[in-house]
Amino acid sequence: MTSYEKVEKAMQCVPLNDPSEIPIFPHILTWAGTVADVPQSKIITDCDTWIDAMGKTFDVIGNPDLSMPQHPKTIIFSMSMPVRRPGFELPEGELYQFVEQPQFEADEYEKMLQIGWENWYAMYMMRIQNPPMTDPQQYADYWAETNVAGAKIAQFLAQRGIAPIFNIADFPIFDLLSMIRSMEPFIFDLYDDPGPIMDVLNQSQPIEDARNIQILKSIGGTRIGRYAMRSSATFMSPDMFDEFVWPVLKASILRFWEAGIRCVLHCDAEWLPILDRFLELPKTSVSFEFDGVTDIVKAYEIIGGWHSLRGDVPATMFAYGTPDDVREYCANLIEKIGTKGGFILGSGCEVPLNAKTECVKAMMEATS
């Protein structure tokens, strides 16, 4: 069975005959630099260097079934916050850091409605770069460079028989607003005057979805990554989720599904209190990625067999545990949910910069 077949079977929640059919996904970005002994400043700025480092990493741990199809520079940019980078604002050996502080005032929601989200967001992104972009062509050139990098990564993965976890990715606008307004002011905005925020979401999310659907159709893509990290129950109470998040998110997921596209929902933090809402969606329309905060076994009890899920060997275990710890953890997941259908064995979010190679290999070999 090829990796592509394993992944499709998992995302369609088909019960498996044997644990060897479980796809494995180590979410690797910066750790490739550690394995290949390449400075992080090169990893996050040069796509060719990163691809080469990823190849060396896979030579060490073995080819996974799934991989990230985006260069770290793209991930950093898409977070939409000022960033401190190793080798630039930080010492070379450090991990990049995001600076979360209010980047706009509450009256800007009206401006988003007046000029359109895409125009407002482009001007915002130009402003926060270091140094700031002063010419719109710089912004257009960045996305052109990203497209070239994406094509190189797709070719690299295809040559190794590795499936991309998604074809393109985005942040739901709600989650972007939470990050760039900053959590506390954003919560106050929702409390004080949610109307303009909901107007932005209801006006802008369908437009963004249509644009992404068009892109996916043009490249033959069938999966979109959605970083819905600020929609979790860690940040939103279930009542707030139902009022402010779910109607827009549900409509967005349905939009993609009706276009033949599955949403891969990156679900950092706690999601158990709100997972049952996703049973309202068509079967297999979502594939969840959990980071270890959400109890993945309990999550499977709620959505297992209806939607697929990936996880969730903790980053701390990769960095500070032993290979036996990883084997035991994976064996428990395989025993409880592994072959029931809809399970992808993987890291809980990203494999950390200081992960032990032998611990990652232990996960890679867990289904053998």
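Strand β10 is largely enclosed by the rest of the structure, because six of its six residues are buried; this is read from a predicted model, as is everything that follows. Strand β10 covers residues 308-313 and pairs with β11 in the parallel sense over five bridges. Within that pairing, L309 stands opposite F343 of β11, and V313 has S347 of β11 as its bridge partner. Strand β9 (residues 286-290) also pairs with β10 in the parallel sense, here over three bridges, and the bridge partner of E289 is R310 in β10.

Strand β11, which takes in residues 343-350, is mostly covered as well, with seven of its eight residues buried. Strands of a sheet pair through backbone hydrogen bonds, either parallel or antiparallel.

These pairings belong to an open sheet of seven strands, whose order is β1-β11-β10-β9-β8-β7-β6 and whose pairing is parallel. At its edges are β1 and β6 (168-170), each of which pairs on one side only. Neighbouring strands of this sheet are turned against each other by 25 degrees on average, with direction ignored. Helix α15 (residues 323-338) packs on the sheet, where it touches β10 and β11, and its direction makes about 160 degrees with that of β10.

The contact between them is formed where I296, V297 and Y300 in α13 meet L333, K336 and I337 in α15.

The N-terminal end of α4 is capped by D46, a side-chain oxygen of which lies 3.2 Å from the backbone nitrogen of D48. The buried residues of α4 are C47, T49, W50, I51, A53, M54, G55, T57, F58 and I61. Just after this helix, G62 takes a positive phi of about 100 degrees.

The backbone has some further features that deserve a careful look. Most residues other than glycine have a negative phi, and most peptide bonds are trans. C13, although not a glycine, has a positive phi of about 60 degrees; C13 lies in the loop between α1 (3-11) and β1, and since buried means under 20% relative accessible area, its value of 8% places C13 among the buried residues. C349 likewise has a positive phi, of about 65 degrees, without being a glycine, and C349 is situated in strand β11.

Cis peptide bonds occur at the following positions. The bond from N130 to P131 is cis, with omega near 0 degrees, and P131 is found in the loop between α7 (117-128) and α8 (136-160). Another cis peptide bond joins G311 and D312, with omega about -10 degrees, and D312 brings the reader back to strand β10, where this residue has its place.

Note on methods:
Residues are numbered from 1 along each chain as its sequence is written. This is a predicted model: local features need pLDDT of at least 70, side-chain atom pairs count only at pLDDT 80 or more; totals for chains, interfaces and linings use all residues. Side-chain values use heavy atoms; hydrogens and water are left out. Buried means under 20% relative accessible area, exposed over 50%, partly exposed in between (1.4 Å probe, protein chains only). Helices (H or I, at least four residues) and strands (E, at least two) are DSSP runs, numbered from the N terminus. A polar contact is a pair of N or O atoms within 3.5 Å; within protein, one must be able to donate a hydrogen and the other to accept it, and residues adjacent in sequence count only if both atoms are side-chain atoms. Two strands pair if DSSP finds at least two bridges between them. Axes are lines fitted to C-alpha atoms, for helices over the stretch in contact, and angles run from 0 to 180 degrees between N-to-C directions. Contact means heavy atoms within 4.5 Å.
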